[in-house]
Structures are given as C-alpha cells and as structure tokens.
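Let's take a friendly walk through a protein model and look at what it holds. Have the sequence and the 3D view ready as you read.

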Amino acid sequence: MDDKAAGPGREKLAAAREEAVGLREKAADVREETVDTRERGIRAAEMTQGTSDDQISMLRQANAQLVIATIEAHKLAEQVQTAKIELDHLAHHDVLTGLPNRILMNDRLAQALALARRSGKQLAVLFMDLDRFKHINDSLGHTVGDQLLQSVSQRLLGCVRQSDTISRQGGDEFVTLLPDIDHPEDAALSAQKMLMTIALPHLIDQHDLHIGASIGISIYPEDGLDAETLIKHADTAMFHAKDNGRNSYAFFEQEMTARAIARQTIEASLRLALERQEFVLHYQPKINLLSGMIVGIEALVRWQHPQRGLLEPAEFVPIAEDCGLILPIGRWVLREACLQARAWQDAGLPLITIAVNTSALEFRAGDFLEYLRATLDESRLEPRYLELELTESILMRDAASADSVLHALADLGVKLAVDDFGTGYSSLSYLRQFPINTLKIDQSFVNQITRNPDDAAIVSAVIGMGKSLRQLVIAEGVETAEQVAFLLAQHCDEGQGYFFGRPVGAAALAILLQAGVAPALPD
Ligand code: C2E
Ligand code: MG
Ligand code: MG
C-alpha cells in the first residue's frame, strides 16, 4: 500500500506492460534463434551434393512463411495480453475520473484492515457526497457535470498522502481510505482540507462553478470492524453532515443508525405519498397588528402518514429536499394553495394573500416560472394574491441569477417575502436591489423579545430597516400578549403565531376568514 491514490492502478498497469514487453523480447529471441537454425540447415543442405536448386528455394520459402506465421502468432498473443491488462484496469477503475472504483476500494480496505488488525492501529473511511450536484447536472447538462466530477477528483488527489486511496463510488459519491491514522482528528483534518479545496470555484465551460460537499467519517475499530460496516457508517454520518447545513463533515455516532433507518423508511414511503394523495395543507393566519384583521394566510404542508399519523414538515421536508422529491411536492402545494385561495374568493370570502414556502430546488428549477404561470392560469388566481416565501440562503447563494428570477416574478405581480429573516446571511445591498415586499422576522428572535435585550434590539433594528427599505415587516412565532405589545410599540406591521391562531385545515380557516379577525386578539 505504498502507492499513490489513483496511481496504484496506473503503476500496476505499467508493471504489467513491462512484463509484457519482457515476454515479447524473449519471444523475439526464440524466433530469431529458430530462423537462424533453419537458415543454418538450409546452408548445410546447399553444401550437400545432390540437393537441387528447386529444393533449396522451396526450403527457403517454407522458412520465410514460417517466420511470418510465427510473427503473426506473437502479435496476436501480445494483443490478447494488452487487452487483458486493459480489462483488468477497467474492472478496477472508474472510466470518467480514472480513480479506483468500488471493487478496488473494497480490496484496499480489506488489506488495510488486515494490517490495522495486526498492528493495532486505527484507520478512517471518509464518505463524501457533493451538495446539490444534481442541480448542476440538471441545469447545465451532463457534460458539464462530468467535467466537474473530473475537476473534483483532481483536487481530492491533491489533499491526500501517497498511502491513501480515493475512489469514486458512482454518481457524485467518493470514498477515501486513510489506512493509517494516529487520531480521529487526522481524519477531520483531511476532511477539512477536502472541503476547502473543493469549495474553490471550478472553471468549466466558461462557468465559474461553486460546489460544496458533505463528508461522513467512520473510524476502525470504534465504528466497525469490517469494510462494509465502516463504509455504511461513514455514509450515515455523511447524511448527518448534510442535515447540519451541508459543506461540513461529521463523525459517525452509534445513535445515527436508528435515524438512518427511519430516514430510509420515510424516503421510501414519501415516494408513494403524492400518488396516494397523502399530503394536506394547513393554513395559518397573518394579522395586521393595528387593525387585528386577517390580512394573509400561509400554507403549510403536512403529511397524513398511513401508519404514523399527521407529520410536520420538519420530519419529511429536509428528506424530500435531499432526494429531489420536494419538486413534485412543492408543485402540488403551489397548485393546491392557488386553487384553495381562488375557491375561497369565489365563495365570497375576503380577498387576502396566500403565502407558499418555496425551497431552493424549486426556485432554481428551469421551469419554475413557467409552472407558476400555468398554475395561476389554471386556478384563475390573480398573481397579486400569491406570495412566495423564500429564505435568505436561496436569495444570496447565487444572487445574480436569483435577481433575474425575482424580477420576473415581481413583473408577473407575485409578492415576495424573505422567510426566517435574521437566521441567514443577507447582503444589504442585494436586499435593497431585490424586489422584496416583506421581511418575516424569524421566530427565534421574536420568542425572546420580552426576555432577551439583544433579541429585542435585533427585532427593532429589522423593523427599522424594513421601514426604510419600504418593506412590510411581519413577526413570526408570536405567542404572547407581551410580544404583541412590544411589536406594536416598535411599529411592526403584521404578526403570525399561536397567539393569533395555529395552522388549521381549510374548513376551519374558512370560518376564521368569515369572521375576518383573529380568534385571539389583545384589547
Ligand atoms: P416557516 O415557513 O417559517 O413556517 C412557520 C413555522 O412555524 C410553521 O411550522 C408554523 O406552524 C410554526 N409556527 C407558527 N406559529 C408559531 C408559534 O407561535 N410558535 C411556534 N413555536 N411555532 C409556530 P411548520 O408548519 O412545522 O413548518 C416548518 C417549516 O417547514 C416552515 O417554516 C417551512 O420552512 C417548511 N415548510 C412548511 N410547508 C412547506 C411547503 O409547503 N414547502 C416547503 N418547501 N417548505 C415548507
Ligand atoms: Mg414560511
Ligand atoms: Mg419562517
């Protein structure tokens, strides 16, 4: 195991080729010897009286043909030998990146484990998955995706030692073996290095591509004694890293296994949930703090799970985002919300705005605008009654392209809100330039405004900023009369939270709309 990561395959290949050359040279020697012997025989026959010229020339011809036949036979044998070497290489390497593949990695890991067992040393397995690679593949095409994978592979090779092995498991997954570590922290350092180098922009096909990755780490012997368990546990830890905000690494912990199983089970039944019509929308009112009137509602998805009952978004939306199912689910939510809003309007209920949460994947999908237009057409809902709630990270990650989509949405007449405001990183100059109508102050700040002076200061500052940018400010997660009083004193426009009403089904919301005011209002 003293060979370089993608190099070992190459070195083996080179050694085998050398061997083939050696064999070839030997065969050529034998060939020459045969020709020489025959030539000597022919000359001896010439000397011998009684051998005719015809006989001599026949002998010479026969000898020449024999030489040709022998050369052909050797050529064929060489081709077979080369093909064998190439096949062997192909069987153990990934064609796109040239890195060792899953089979070779398993071999290496088995060898390294045997060695670690004997020497009592630790080793680490790092399971890496690129964040949102599917998005790049879908939006820029597979050729760009392939080039990005090659670029990532090259960078990864620069991060490890000669003795380490990096393999491509398929798709956007890479597994690294660090066969000899002194402490688990060594693995963490390697992971950090990988994340840092991958995060630098990749210039591909005139695109400056940014990609992150999530890495899970398992350590022998703590996290598993055999190759399969170590890889599986590193994979589980990788999902954990993704949950913790991506572009990070996580060590495996035993309690993750139970979560991983639950997650897989959810993903499998999530795939069937749409066709089985198991999703429902609940609606939560938004209240004008001065008038106490309901001025909007937010649609919040729930999953009526056949065995587990009504599930909150926290239990399935992050999983749906990871496996791409959020796209069809999001479309269902948008259509259902628009149809419902229009149905309420048709029933003569007050005209108010309906807000729909839009995840990053939906917002960046190439046909997002097209689907939105078609849904508004189909539901006959005027665009000004639809509001999209987007998080800061959606807006800021690729601000330039977000800007054009946002302006297209604004031109269409759809309203735009920044959800969970204060929890992400917003560039103020972008906030000014984007056509944003509403800032929704995250509930974590609102929660503490009457207890924590820092949170109170942040909320006041956000309200002030919203006012100066001529944006509406709404406080999320309002639960107490004291919070309402504080928000009113700071001239916050709207509030949403359990204090005014929990999210409820469509029928219950229709009754609230009829009344027009929130069920619980301060005097
Ligand atoms: P969000 O958009 O910030 O929604 C507000 C969440 O806070 C809702 O949780 C709501 O029930 C909860 N909430 C409202 N008032 C209070 C309160 O007074 N106190 C407390 N503690 N919580 C309150 P929910 O319905 O569980 O949704 C959680 C998140 O899931 C949402 O956060 C949103 O990011 C996401 N989500 C919900 N529906 C959808 C959807 O259709 N599509 C997408 N992509 N995401 C959704
Ligand atoms: Mg929201
Ligand atoms: Mg929110």
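## The ligand and its contacts

A polar backbone atom of Tyr 498 lies 2.7 Å from an oxygen atom of ligand 1. This is a polar contact, meaning a pair of N or O atoms within 3.5 Å. Side chains take part too: an N or O atom of Glu 479 is 2.5 Å from a nitrogen atom of ligand 1, and one of Glu 476 is 2.9 Å from an oxygen atom of the ligand. On its own, ligand 1 has 800 Å² of accessible area, and the protein covers 83% of that (areas come from the Shrake-Rupley method with a 1.4 Å probe).

Before going on, a word on the model: it is predicted, so to speak of local features a pLDDT of at least 70 is needed, and side-chain atom pairs count only at pLDDT 80 or more, while totals for chains, interfaces and linings use all residues. Residues are numbered from 1 along each chain as its sequence is written, chains are lettered from A and ligands numbered from 1 in the order written, and side-chain values use heavy atoms, with hydrogens and water left out.

## Who surrounds ligand 1?

The shell around ligand 1 has 23 residues, the closest being Asn 357, Asp 419, Gln 443, Glu 479 and Tyr 498 (a residue is near if one of its heavy atoms lies within 4 Å). By class, 8 are nonpolar, 6 polar and 9 charged. Here Ala, Val, Leu, Ile, Met, Phe, Trp, Tyr, Cys and Pro count as nonpolar, Asp, Glu, Lys and Arg as charged, and the others, Gly among them, as polar.

Which element gives the most to this shell? Strand β9 does, with 4 residues. Helices (H or I, at least four residues) and strands (E, at least two) are DSSP runs, numbered from the N terminus.

## The magnesium site

Four residues coordinate the magnesium ion (ligand 2): Glu 298 (OE), Asn 357 (OD1), Glu 389 (OE) and Asp 419 (OD), at 2.0 to 2.2 Å. Donors are N, O and S atoms within 2.8 Å of the metal (3.2 Å for Na, K and Ca); water is not among the atoms, so sites may look incomplete.

Asp 419 also bridges to the magnesium ion (ligand 3), and the two ions, ligand 2 and ligand 3, lie 4.1 Å apart. Because Glu 298 lies in strand β9 and Asp 419 in strand β13, the pair ties together parts that are 121 residues apart in sequence.

How values were computed: A polar contact is a pair of N or O atoms within 3.5 Å; within protein, one must be able to donate a hydrogen and the other to accept it, and residues adjacent in sequence count only if both atoms are side-chain atoms.
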